[in-house]
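Q: Can we go through this one together? I'd like to cover the aromatic contacts, the surface and a sheet.

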Amino acid sequence: MGIAVARPESALFSPKSVVSPNGYFNRQKLLKKLESFGNGPGRINGLLDSMRASSPTRRGTDSREDQNSWTLHHPSALGMFDEIMEASMGKQIVVFLDYDGTLSPIVEDPDRAFMTNEMREAVRDVAKFFPTAIVSGRCRAKVFNFVRLSELYYAGSHGMDIKGPVKGHRKGNQTVLCQPAREFLPMIDEVYKSLIEKIEYIPGAKVENNKFCLSVHYRCVDEKKWGELADQVKSVIKDYQQLRLNQGRKVLEIRPTIKWDKGNALEFLLESLESDDVLPVYIGDDRTDEDAFRVCSVIY
């Protein structure tokens, strides 16, 4: 059994990761998990409509009804607290936390998505009792600088960059555990530079380099410019079949076409614990967290 906790923005939607007996990644087995999904027109047609549909400003007067309907089909985990406590008896609880929109508020400037001191202390208290990981879509190093708790595990770039405490030193330096997309780094840097040039004249548009993925934020872009922004993004990545375009909350994300996401990161971290008797708890608020929700709801 696992517990997935989401805000009404998300709907519940990760195949097994591969870990060697010593807890480190087996490169040969990893290569078997890589898949190319392509980046053809079927993936990006209707992108503008999707951007509009995911915008809170497009939800109109039916937003309350939509939220009530969502809650009906996906009741709060807190409403089943007694059942959860019973299921956790004798198990090792492992806590996974999304960052943007969960530990910190969504802000116009992603570089100012700071968590409060109260939230930091709350996370520190949780980590005293349970293994805890921050699983984020943004750069792992940035999240580490925001949180500043070295006793935690961190999975950035949608799980493609995982680090954790040095074994036996909960408050020591961090060590790399998994980076399955390392070979894509030169390509991602190249696309990042092209995107900067293409969208610099669109007011409010911002490109964030999260090391193993790129985020094009349009939260501060006038809606009349969304179509133009989408066209510019597509014009850059059309020649990079090894990259794919995804969408989150007011953001377009470009990632390597490998079968790896937050769900795989969650599985990797769980298997690294070398314990089968665990209860994972994942708290997130965005589409990309759905892969981790599915791991909790299906595998456990």
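Predicted model: local features only at pLDDT ≥ 70, side-chain atom pairs only at ≥ 80, totals over all residues.

Q: Take Phe96 and Tyr282. Why is that pair called stacked?
A: The ring centres of Phe96 and Tyr282 are 6.5 Å apart and the planes meet at 25°, so the pair counts as stacked. The cut-off for stacking is planes under 30 degrees apart.

Q: And where do Phe96 and Tyr282 lie?
A: Phe96 is in strand E2 (residues 92-97), while Tyr282 is in strand E11 (residues 278-284). The two parts are 186 residues apart in sequence, so the pair ties them together.

Q: Is Phe96 buried or exposed?
A: Phe96 is buried, at a relative accessible area of 1%. Tyr282 is buried as well, at 0%.

Q: Which residues make up the aromatic cluster with Phe96?
A: Phe96 forms one aromatic cluster with Tyr282 and Phe293.

Q: OK, what about Phe129 and Phe130? What sort of pair is that?
A: A tilted one: Phe129 and Phe130 are 6.5 Å apart centre to centre, with 55° between the planes.

Q: How accessible is Phe129?
A: Phe129 has 66% relative accessibility and counts as exposed. Phe130, at 29%, counts as partly exposed.

Q: Moving to the surface. Which residues form the nonpolar patch?
A: Leu78, Phe81 and Met85 form it, with about 340 Å² of accessible area together.

Q: Where does Met85 lie?
A: Met85 lies in helix H5, residues 81-88. Its relative accessible area is 40%, so Met85 is partly exposed.

Q: Now the open sheet of four strands. What is the order?
A: The strand order is E7-E8-E10-E9, and the pairing is antiparallel.

Q: Which strands stand at the edges?
A: Strand E7 (206-209) and strand E9 (243-248) do. Each has a single partner strand, so one side of each has no neighbour in the sheet.

Q: What does the twist average?
A: The twist averages 20° from one strand to the next.

Q: Back to E7. How many bridges does it have with E8?
A: E7 pairs with strand E8 (residues 214-217) over four bridges, in the antiparallel sense.

Q: What is the bridge partner of Asn209 in E8?
A: The partner of Asn209 there is Leu214.

Q: And what holds strands of a sheet together in general?
A: Strands of a sheet pair through backbone hydrogen bonds, in a parallel or an antiparallel arrangement.

Note on methods:
Residues numbered from 1 in each chain as written. Heavy atoms only, no water. Phe/Tyr/Trp six-rings, centres within 6.5 Å; stacked < 30°, edge-to-face > 60°. Buried < 20%, exposed > 50% of the residue type's maximum accessible area, 1.4 Å probe, protein only. Patch = residues over 30% accessible without salt bridge, like charges linked within 9 Å, V, L, I, M, F, W, Y side chains within 5 Å. Areas by Shrake-Rupley, 256 points an atom, 1.4 Å probe, with all protein chains shown as cover. Salt bridge = Lys/Arg side-chain N within 4 Å of Asp/Glu carboxyl O. Pairing = 2+ DSSP bridges. Axes fitted to C-alpha atoms, helices over the stretch in contact; angles between N-to-C directions.
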